[in-house]
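Take a look at the structure, and then we can walk through it together.

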Amino acid sequence: MSEDFALLAAILRPRDVALHPNFRSSEVVTVASLLALLTTAQIDAYRRERESEGYRDLAARDTSGIALLDSALAGLSAGTVQQGANELAERARSSSSTPLEKTVCAVLSSSFFAELGKHRSSMKILGDVAEQISSSDVLNKELLLAVIFQNLALRRWDEGAEGVAEAQQAKLYLTKFKADQIPAFELSRGVAWGSQETVRAMHQFLRAANDLHFIQISKDWTARLELVRQASDYEALQLRSRVASGLSMFLEHSYRSNLDNNLASSLTDGDAELSEALMHAEFSGHLAALNLRKLLGSLRYLRGRNLSQDWRVEDALRLLRTSRSKKDFEYGLASIRIEGPLKVLRNQASRLISERPAPNLMDQLDFLLLESSSELLDPKTASEALNLVLEASAVPKIQRGRTWESNEFRFEYVWRAAIILARRADREAEIAKLLLQRTTRNSADHESIRLFDRLHNEVWNDESFRECVRAALKGSIDPHSELSRTLRTATVLAERAPIPDVEEDRLDLRRVAELLNLQLVQGYQLSGATRAAVERVLREAMAKTRESAMKGVFSGGGLPEGELAVVFGLANQESPIWTDVGEYLLDPVVQRSDKSPVYRRLLRHIGSLPSSFLDRLKQNPAGLLSSTSGFFSEDIDPYPEAVQLIAALSLLPNDELVVLFGRLIASDNAKARVEGVKTLQVLAENAPQTDWVFATAIGATFDADYRTRAEAAATLGYMRRETSPLLSHIDQRLSILLDEDGARIPMLALFGLRKTAVPMSPGLLKKVQALAATHIHYGVRQQAELVLKDLLPARSPGSSAGRRDG
């Protein structure tokens with residue numbers, strides 16, 4: 001293959017050398033012009049070109065060049081990225097490759113390794129080639145080394161470091177480079193300038209990439225301001241133009257698809273345009289790649305979901321993670337965890353665990369990934385992931401200029417992941433003790449106390465942990481501190497110790513919640529004085545909320561005083577607090593976010609509500625529907641939780657109730673449809689079943705929204721009755737729903753099955769047994785085991801219910 005700088009242009013400015021469709025008959029097919037088709041994401045055009053006479057002639061005289069193209073195509077194709085990366089790396093290190101070939105192969109290989117999460121391999125191939133070229137006497141090696149070191153700077157950034165030394169090396173070589181020393185090379189007939197202009201454009205874009213890198217790692221905001229104020233160069237404008245073109249194509253494609261799929265069949269979806277822009281930034285070592293990864297990841301996620309293409313979804317998750325856009329990555333994780341494809345999540349987590357990044361380079365996105373995938377890992381792998389997290393907890397994160405991350409904020413993500421992974425790895429006691437050590441060193445560490453509070457009940461059987469708690473209580477902890485209260489509550493719950501005396505002036509909603517938890521969990525009875533004090537605090541809190549709402553003042557995020565009042569009232573049926581709860585619910589100015597927890601708690605105890613309270617609600621059922629949406633709740637009309645309580649208590653005539661339900665289930669708002677299906681669940685549990693209830697529930701299992709289908713699956717489980725002529729149809733539909741990807745639909749379908757002790761059809765039973773044995777999600781396997789335990793009391797001795805093995 002000839003030594004031709006057109007090959008470098010094929011990755012840094014590919015449109016200048018790519019075969020142009022308007023001049024196809026008169027252009028010579030070269031390795032560079034074909035590689036440029038690949039790096040501009042024109043894969044179909046490249047495959048068509050392989051059938052041409054020009055390609056056959058090239059293959060006959062340049063087998064080495066064809067091998068390079070085959071490796072590049074492999075690296076750009078889902079399923080063969082590793083193969084492409086390995087082949088290009090081998091070629092880059094080969095003594096028979098020219099310095100130019102080494103550079104191009106190293107840049108491509110490094111990018112593909114980075115795509116696989118193999119940052120060490122990604123940087124090593126660049127470092128090896130840089131060393132070879134630096135020690136050789138090669139003309140124009142300044143440009144080659146500038147490309148390599150700028151790519152190294154980007155890969156170091158991807159790893160979590162700053163890449164300062166690499167960027168400085170790139171800057172040095174960019175300063176030394178003279179564009180007019182590069183020999184002329186052939187360009188596409190689609191451009192009207194010479195190769196010198198192309199070289200200058202490559203050099204200019206590399207300098208822009210280098211300048212941006214230094215600005216990103218600098219804490220000097222004036223430098224950033226100067227960059228914003230500068231006029232954009234032509235290459236930057238071209239990049240933005242390709243991005244805008246890709247996004248506009250995606251928008252047009254989505255618009256037409258929503259109207260009629262046939263209208264969109266002839267349109268591209270913008271993927272190729274964004275891919276081209278991203279490759280341009282990646283191969284130039286430009287930090288613009290981060291935002292482009294986010295855009296392409298978002299597009300691929302949406303298209304992958306619409307087309308049921310797991311490879312697109314997996315690549316989307318990778319792109320979102322490497323963009324370091326926490327919110328977008330978090331949304332993607334949550335959706336995949338619920339809806340699937342779950343194997344995508346497991347693959348990404350396994351890749352991170354096997355790469356074992358340096359502890360001080362791990363960030364919030366890494367911890368989020370490990371936390372979200374914990375139930376997809378076997379105990380051994382979960383333990384390896386936990387070790388990674390604990391190592392990261394011991395060192396501060398490397399701070400990079402304006403991408404600063406506080407250690408306090410990082411702490412929450414670290415320990416949240418640690419707690420979840422510890423459950424899967426059977427190491428809860430170890431984590432609880434570590435958190436306890438942190439809190440006893442600093443009793444004002446509220447985040448540690450809150451996390452410890454989530455875990456201590458699960459590990460109390462561990463004697464060494466109990467000893468740690470007792471020792472902490474004997475230490476010099478302020479008896480009125482949050483930590484002291486948490487430790488004493490843990491002791492009370494686990495050892496049935498006496499409830500600590502309550503000082504009335506220290507009784508707040510948090511302490512009230514702790515006392516009510518003791519009642520609920522252990523059946524403790526509050527003393528008369530404590531009971532009166534708790535009642536007073538709760539009534540005053542509800543009165544204060546109503547008074548503030550009347551003045552137009554609302555708050556969110558605190559403990560739900562209304563729900564706590566119901567919990568208190570359920571244990572004290574004759575308490576006047578029920579009058580306050582009734583007025584609280586019927587007050588139209590109290591916001592929904594304050595009322596909704598009350599409705600949900602009442603729905604769980606329909607048979608235990610005092611008659612005086614029910615009589616008050618029956619006097620004004622329409623009043624339950626009146627409420628301010630506020631800032632902290634969804635504005636769905638009619639108010640869903642109120643409709644569900646009205647249905648459960650039969651507070652309105654059936655025809656009026658059906659109208660309210662219909663407005664929810666037929667809404668174009670997916671959240672409203674979810675609430676409509678929850679209303680069906682209430683009807684299925686508390687009222688005689690009718691054909692329309694069954695038909696609506698079956699229909700909802702085909703809803704476009706996953707959450708609606710999941711709730712509908714649970715509803716079908718509630719509707720299973722031995723006497724129902726529809727039982728076989730219900731079981732048939734449930735068998736299909738249990739095959740859906742993700743965790744939520746199988747989980748809620750199994751939860752619904754546990755609601756009725758009705759024998760399952762052979763097909764449904766076989767399906768549940770398969771889930772218990774092989775489902776990818778540990779929680780689904782556990783839930784399936786519980787269903788089998790409930791419905792098949794005589795389980796075999798080999799049952800794995802409740803075990804932690806994978």
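How much space lies in the second largest cavity? About 70 Å³ of space lies there. This is a predicted model, in which local features need pLDDT of at least 70, side-chain atom pairs count only at pLDDT 80 or more, and totals for chains, interfaces and linings use all residues. Residues are numbered from 1 along each chain as its sequence is written, and side-chain values use heavy atoms, with hydrogens and water left out.

**How the terms are set**
- A cavity is a set of points, on a 1 Å grid over the protein atoms alone, where a 1.4 Å probe fits but cannot get out, and lining residues have an atom within 4 Å of a point.
- Grid points are joined across faces, edges and corners, and a volume is the space filled by probe spheres set on the points.
- Helices are DSSP runs (H or I, at least four residues), numbered from the N terminus.

**The largest cavity**
- The structure holds two cavities of 30 Å³ or more, and the largest has a volume of about 160 Å³.
- Its lining has 17 residues, and those closest to the centre are His119, Asp158, Arg321, Leu352 and Asp366.
- Helix H9 (141–159) and helix H19 (342–355) are the elements that give two or more residues to this lining, with H19 giving the most, four residues.

- Residues that line the second largest cavity include His119, Asp158, Arg318, Arg321, Gln348 and Arg351.
- Helix H7 (99–115), helix H17 (310–322) and H19 each give two or more residues to the lining of the second largest cavity, and H17 gives the most, with three.
- Six charged, four polar and two nonpolar residues make up the lining of the second largest cavity.

**Helix H17**
- H17 has 13 residues and reaches 18 Å from its first C-alpha to its last, close to the 18 Å expected at 1.5 Å a residue (1.5 Å times one less than the number of residues).
- Because 11 of its 13 residues are buried, H17 is largely enclosed by the rest of the structure (buried means under 20% relative accessible area, with a 1.4 Å probe and protein chains only).
- Arg318 and Arg321 are among the buried residues of H17.
- Arg324, which follows H17, has a positive phi, near 60°.

**Ser109 in helix H7**
- Ser109 sits in helix H7 and counts as buried, at 0% relative accessibility.
- Leaving aside neighbours within four places in sequence, Ser109 is in contact (heavy atoms within 4.5 Å) with Ala85, Leu88, Ala89 and Ile125.

Definitions and conventions. 1 Å grid on protein atoms, 1.4 Å probe; cavity = no way out; pocket = protein on both sides within 12 Å on 5 of 7 lines; lining within 4 Å. Nonpolar A, V, L, I, M, F, W, Y, C, P; charged D, E, K, R; others polar. Buried < 20%, exposed > 50% of the residue type's maximum accessible area, 1.4 Å probe, protein only.
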